[in-house]
Amino acid sequence: MTTLKDVATRKPVLATIRLLVPAGAARPAPPVGPALGFYRLNLMAFCKDFNARTQKYKAETPMQVTLTAYKDSTFEFVVKSPSVSWFLKKAAGIETTSGRPGHNMATSLSLRHIYEIAKLKQSDPFCKHVSLEALSKSIIGTAKSMGIEIVKDLD
């Protein structure tokens, strides 16, 4: 529950910006530069902080960033892990999914792959309170909608 003091000291929000930036590759060029420059935010501070936070990820991994810009030209941002569909494509080794999911299966993955993806997604700030079982069921649903068959063990 927020107190009156918290509400009084809260900074006024100018904008919420969502970006998809490759890990360790934030530069003041598009898409980062124009998005942050429009609100007169410090591009270099964002690039250095983002690259430091994402250095443990493989290069060119698309990271989802939610940046909150305040009216005093300061900002905060949260880095999320890549999307489930990106993880599924990488695990399956495919570029595109089935054009007719449910009819044509693009490939198959084992339950072990699903469990590993669920463990990675559980480290997200918004998924840390969700059980691995619930995350796994959600990932299986996403896989089925992409035309990826889930099997117990790959032969």
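Reader: At what angle do helix 4 and helix 6 pack?
Author: This is a predicted model, in which local features need pLDDT of at least 70 and side-chain atom pairs count only at pLDDT 80 or more, whereas totals for chains, interfaces and linings use all residues. Residues are numbered from 1 along each chain as its sequence is written, and side-chain values use heavy atoms, with hydrogens and water left out. Helices (H or I, at least four residues) and strands (E, at least two) are DSSP runs numbered from the N terminus. With axes as lines fitted to C-alpha atoms over the stretch in contact, and angles running from 0 to 180 degrees between N-to-C directions, helix 4 (residues 84–92) and helix 6 (residues 132–146) have axes 10 Å apart and pack at an angle of about 70 degrees.

Reader: Is helix 4 roughly parallel or roughly perpendicular to helix 6?
Author: Angles under 35 degrees count as roughly parallel, over 145 as roughly antiparallel, 65 to 115 as roughly perpendicular and the rest as oblique. The two helices pack at about 70 degrees, which means that helix 4 is, relative to helix 6, roughly perpendicular.

Reader: Which residues of helix 6 do Val84, Ser85, Leu88 and Lys89 meet?
Author: Contact means heavy atoms within 4.5 Å. On this basis the four residues of helix 4 meet, in helix 6, Ile139, Thr142, Ala143 and Met146.

Reader: In what order do the three strands of the open sheet stand?
Author: Two strands pair if DSSP finds at least two bridges between them, and strand 1 and strand 2 (residues 62–70) pair in the antiparallel sense over nine bridges. Within that pair, Leu19 stands opposite Val65 in strand 2. The pairing in the open sheet is antiparallel, and the order of its strands is 1-2-3.

Reader: Which strands stand at the edges of this sheet?
Author: The three strands run in the order 1-2-3. Each edge strand has a single partner strand, so one side of each is left without a neighbour in the sheet, and these edge strands are strand 1 (13–22) and strand 3 (75–80).

Reader: What is the relative accessible area of Asp124?
Author: Asp124 has its place in the loop between helix 5 (111–121) and helix 6, and, leaving aside neighbours within four places in sequence, Asp124 is in contact with Lys80 and Ser81. Buried means under 20% relative accessible area, exposed over 50%, and partly exposed in between, with a 1.4 Å probe and protein chains only. Asp124 is buried, with a relative accessible area of 6%.
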